[in-house]
Amino acid sequence: MKKIFVLIAVGLLQACAFTDAQLDIGANPDSDIVGPVSEADVIKFKLPEMEDARDDKQRIGWKKNGYGQNTADITSLLPVEDIVENAFVEAIKDNGHEAVMDNAEVAITGTVDRFWFETDTNFWTVEFI
């Protein structure tokens, strides 16, 4: 009986690696991203426009089983370009500047080439890196 319980427990723990994970990713509102641009007079930045240029747009990572094999997708609630754009807006505000739709002095555009999560699986927890 004890062996059956152990086999069931091990099976259930391994099954977690086979279910997709959808993460709510965003900038930490408690952390300030302040840099040298904070010393400049107030600048009006045009709201950033990013393009998702990743080869694999379906996922942002893989879950792996105990043998290191890819077993399930890691996806995000928001599109990757929105996550990066929002991070830029937070950094602009943290540095004392404005993010505006019109009458901007500086525009930020770009592409997202890489955006990937790795997992570090421990006995009781899974850490997304």
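Val89 lies in helix α2, where helices (H or I, at least four residues) and strands (E, at least two) are DSSP runs numbered from the N terminus. The model is predicted: local features need pLDDT of at least 70, side-chain atom pairs count only at pLDDT 80 or more, and totals for chains, interfaces and linings use all residues. Residues are numbered from 1 along each chain as its sequence is written, and side-chain values use heavy atoms, with hydrogens and water left out.

Val89 counts as buried because its relative accessibility is 14%; buried means under 20% relative accessible area, exposed over 50%, and partly exposed in between (1.4 Å probe, protein chains only). Leaving aside neighbours within four places in sequence, Val89 is in contact (heavy atoms within 4.5 Å) with Leu47, Pro48 and Ala99. Leu47 is 42 residues from Val89 along the chain, yet their C-alpha atoms are separated by 7.1 Å.

The helix itself can be checked against its expected span, which is 1.5 Å times one less than its number of residues. The 15 residues of α2 should therefore span 21 Å, and the end C-alpha atoms are 21 Å apart, in agreement. Besides Val89, the buried residues of α2 include Val80, Ile83, Val84, Glu85, Ala91 and Ile92. The buried residues of this helix pack against β2, β4 (70-76), β5 (98-100) and β6. Just after α2, Gly96 takes a positive phi of about 80°.

The chain as a whole has two helices and eight strands, running α-β-β-β-β-α-β-β-β-β from the N terminus on. Of its 129 residues, 26% count as buried.

In soluble globular proteins, nonpolar side chains tend to be buried together. Here the largest nonpolar core has 15 residues, and those with the most contacts inside it are Ile25, Ile60 and Phe115. The elements giving two or more residues to this core are β2 (44-52), α2 (80-94) and β6 (106-112), and α2 gives the most, with four. A nonpolar core is a set of buried Ala, Val, Leu, Ile, Met, Phe, Trp, Tyr and Cys residues joined through side-chain atoms within 4.5 Å. Leaving aside neighbours within four places in sequence, Ile25 is in contact with Ile60, Ser76, Leu78, Ile83, Phe115 and Phe117.
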